[in-house]
Amino acid sequence: MHNIRIIYKRELHEYFNSPMAYIFLVIFAVVNGYFFTNTFFLFGQSDLRMLFDIVPLVYLFFIPAVSMGLIARENNTGTMETISTMPLNTYEFVLGKFLAGFCLILLGLGATVIHFITLVSVGTNVDYGAIFSGYLGLALMGAMYTAVGIYASSVTDNQVVAFIIGVFLVLVFYMLDKTLVFVPHSIAGIIQFLAVDYHLSNISRGVIDSRNLIYFFSMIGFFIFLTIQTLEVRRWK
Amino acid sequence: MIKVTDLSKNYSTVEAVKSISFNIQDGEIVGFLGANGAGKTTTLKMMTGYLVPTSGQIEFNDLNIIDDTHEIQKQIGYLPELNPLYTEMRVYEYLEFLAGIRKIIGRKFKEALSRVIEECGLRGVVHKNIADCSKGYRQRIGLAAAMIHDPKILILDEPVTGLDPNQIVEIRGLIKQLGKEKLVFMSSHILQEIQATVDRIMIINQGEIVANGTSDELMSNFMGNVILNIEVKGAAPETIEHIQAKVPSVKFVSLNTSNDIQQIQFEYGKDQDPREDIFRYAVENHWTILKMTPHTTNLEDIFRDLTTESDAHA
């Protein structure tokens with residue numbers, strides 16, 4: 001735990017010591033804000049559905065960009081060697097990085113709370129439960145995409161390549177739900193269960209089902225496991 | 001003490017290190033010398049637990065690098081080749097980060113920090129960004145990072161590469177100083193760097209250790225015959241070529257004549273010194289000796305021989 005915290009702190013320090021974190025957060029806030037307020041006053045509904053629809057789209061590019069450098073940069077500059085020759089477990093290293101990336105996502109998500117405040121002050125009959133579960137869903141999705149992004153970052157030492165791999169992977173999970181009409185009925189169930197949208201929409205509706213939680217946690221675990229394995233295997237090459 | 005036995009590493013089809021074995025005692029400074037690509041860095045990477053050996057053993061006292069990786073890493077300070085640093089951090093932040101992983105925090109860190117600042121001469125740059133530090137300072141920061149936990153063993157991969165001559169002298173001095181209490185294992189591809197600093201030299205070529213000993217030992221083991229260059233005047237060529245008849249230990253090698261001056265090369269075994277006999281022979285035959293210089297093989301020649309000879313075989 002001690003080492004995870006040290007890696008996490010260093011990574012956050014790096015985010016905020018460069019313009020990177022600020023640029024990401026501003027872009028995230030502006031894009032979401034634009035699409036949210038664009039239609040907010042047209043519908044006359046007291047919910048954040050527009051926001052919850054747009055954030056997953058922004059995530060598709062935002063999260064791979066946030067996580068692309070997490071490990072690829074260390075591979076590239078050689079600091080991976082310094083880290084690997086320290087008495088530090090690979091899982092501590094990966095978890096620290098993951099938590100730092102996730103923390104930045106949560107901060108981005110936190111910036112959208114401004115829309116919630118707008119809603120509360122102008123709207124009526126606000127469904128707080130739905131908003132809470134909507135945010136929970138987005139946080140889980142953010143964590144899963146961060147895990148995917150960190151995996152993409154671990155397979156290369158080039159940040160641009162890591163970004164492209166990351167976008168591709170999250171896009172696959174995002175699009176699976178949309179391909180259901182093209183696949184045979186027998187495997188449609190499996191595909192649907194793998195699709196991130198299916199679980200997100202369940203949670204966003206306010207149904208916090210253990211199956212959805214298990215999906216997110218196992219996906220996070222799976223990609224973190226893959227990342228650790230990728231780093232371990234490099235030592236044996 | 002470090003004990004390496006039959007250590008090998010293959011990168012897919014390339015054999016980078018071929019079954020090497022050696023020991024290093026505590027308090028010894030050992031130089032690991034080889035041309036670029038000879039297998040030095042690979043060996044060091046295996047010793048520090050960054051790479052897993054294809055076969056063979058690396059033991060630090062009773063610990064084994066495969067089973068006790070972290071225990072060994074706690075005792076080692078490692079300066080990787082090219083000295084990678086987190087350049088966006090300040091010097092003390094970087095050292096604090098590494099010390100943190102080694103569980104040196106709070107007051108203990110402050111003590112360790114002032115120790116490495118003193119030892120590595122970092123006083124002026126502690127609060128600077130690493131990106132703003134000169135190459136010489138970066139190298140010291142790398143050394144300070146390797147020493148923050150006061151390790152018993154220092155493994156340094158090309159510690160003085162890319163430094164200017166003054167910095168090289170400083171870093172050498174620092175390593176010598178450290179070597180009084182610690183086991184230091186440093187690699188280099190430049191002989192002079194190593195020769196001036198270490199107690200013992202190991203030469204690696206194409207993944208194999210081709211020489212191992214103090215520089216005196218290497219000299220006596222690998223030294224070839226002595227070439228004696230003589231410049232004379234007025235010597236009859238046949239007296240030169242038939243010197244061996246009178247002075248049996250000397251062999252005639254070559255003769256060059258220009259403007260009355262004859263440049264002769266003789267050869268004799270490294271354990272003999274027949275210069276007096278040659279002098280007497282010269283007097284008997286009415287040569288006027290202008291110059292007489294024996295050329296013995298130096299460590300540089302030995303290094304070149306050892307590392308190019310096997311290239312020819314390959």
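Analyst: Two residues are in contact if their C-beta atoms, placed from the backbone, lie within 7 Å. The model discussed here is predicted.

User: Which residues of helix 4 of chain B meet helix 5 of chain B?

Analyst: On the side of helix 4 of chain B they are Val116(B), Glu119(B) and Cys120(B). Their partners in helix 5 of chain B are Arg140(B), Leu143(B), Ala144(B) and Met147(B). By residue class, this contact between helix 4 and helix 5 of chain B holds five nonpolar, no polar and two charged residues.

User: Why are helix 4 of chain B and helix 5 of chain B called oblique to each other?

Analyst: Helix 4 of chain B (residues 107–120) and helix 5 of chain B (residues 135–147) pack at an angle of about 140°, and their axes lie 10 Å apart. Roughly antiparallel would require an angle over 145 degrees, and roughly perpendicular one of 65 to 115. The two helices of chain B are therefore oblique to each other. Their crossing is right-handed.

User: What makes chain A as compact as a globular protein of its length?

Analyst: Chain A consists of 12 helices and zero strands. Its radius of gyration is 19 Å, whereas the globule rule gives 18 Å for 237 residues; the two values are close, so chain A is as compact as a globular protein of that length. Along the principal axes, the C-alpha atoms of chain A fill a box of roughly 60 × 50 × 30 Å. Of the 237 residues in chain A, 39% are buried.

User: How does the radius of gyration of chain B stand against that of a compact globule of 314 residues?

Analyst: Such a globule would have a radius near 20 Å, but chain B has 26 Å. The box filled by the C-alpha atoms of chain B is roughly 85 × 45 × 30 Å along the principal axes. Chain B contains 12 helices and 14 strands, and 40% of its 314 residues are buried.

User: How many residues does each chain bring to the contact between chain B and chain A, and which helix of chain B gives the most?

Analyst: Chain B brings 20 residues and chain A 19 residues. Helix 2 (69–75) and helix 3 (91–101) of chain B each supply at least two residues of the side that touches chain A. Helix 3 of chain B gives the most, with four residues. That side of chain B divides into 12 nonpolar, five polar and three charged residues.

Notes
Residues are numbered from 1 along each chain as its sequence is written. Chains are lettered from A and ligands numbered from 1 in the order in which they are written. This is a predicted model: local features need pLDDT of at least 70, side-chain atom pairs count only at pLDDT 80 or more; totals for chains, interfaces and linings use all residues. The radius of gyration is taken over C-alpha atoms; the globule rule is 2.2 Å times the number of residues to the power 0.38. A residue is buried if 20 or more other C-beta atoms lie within 10 Å of its own, exposed if 12 or fewer, and partly exposed in between; C-beta atoms are placed from the backbone. Ala, Val, Leu, Ile, Met, Phe, Trp, Tyr, Cys and Pro count as nonpolar, Asp, Glu, Lys and Arg as charged, and the others, Gly among them, as polar. Axes are lines fitted to C-alpha atoms, for helices over the stretch in contact, and angles run from 0 to 180 degrees between N-to-C directions. Angles under 35 degrees count as roughly parallel, over 145 as roughly antiparallel, 65 to 115 as roughly perpendicular and the rest as oblique. A crossing is left-handed if the near helix is turned anticlockwise from the far one by less than a right angle, and right-handed if clockwise.
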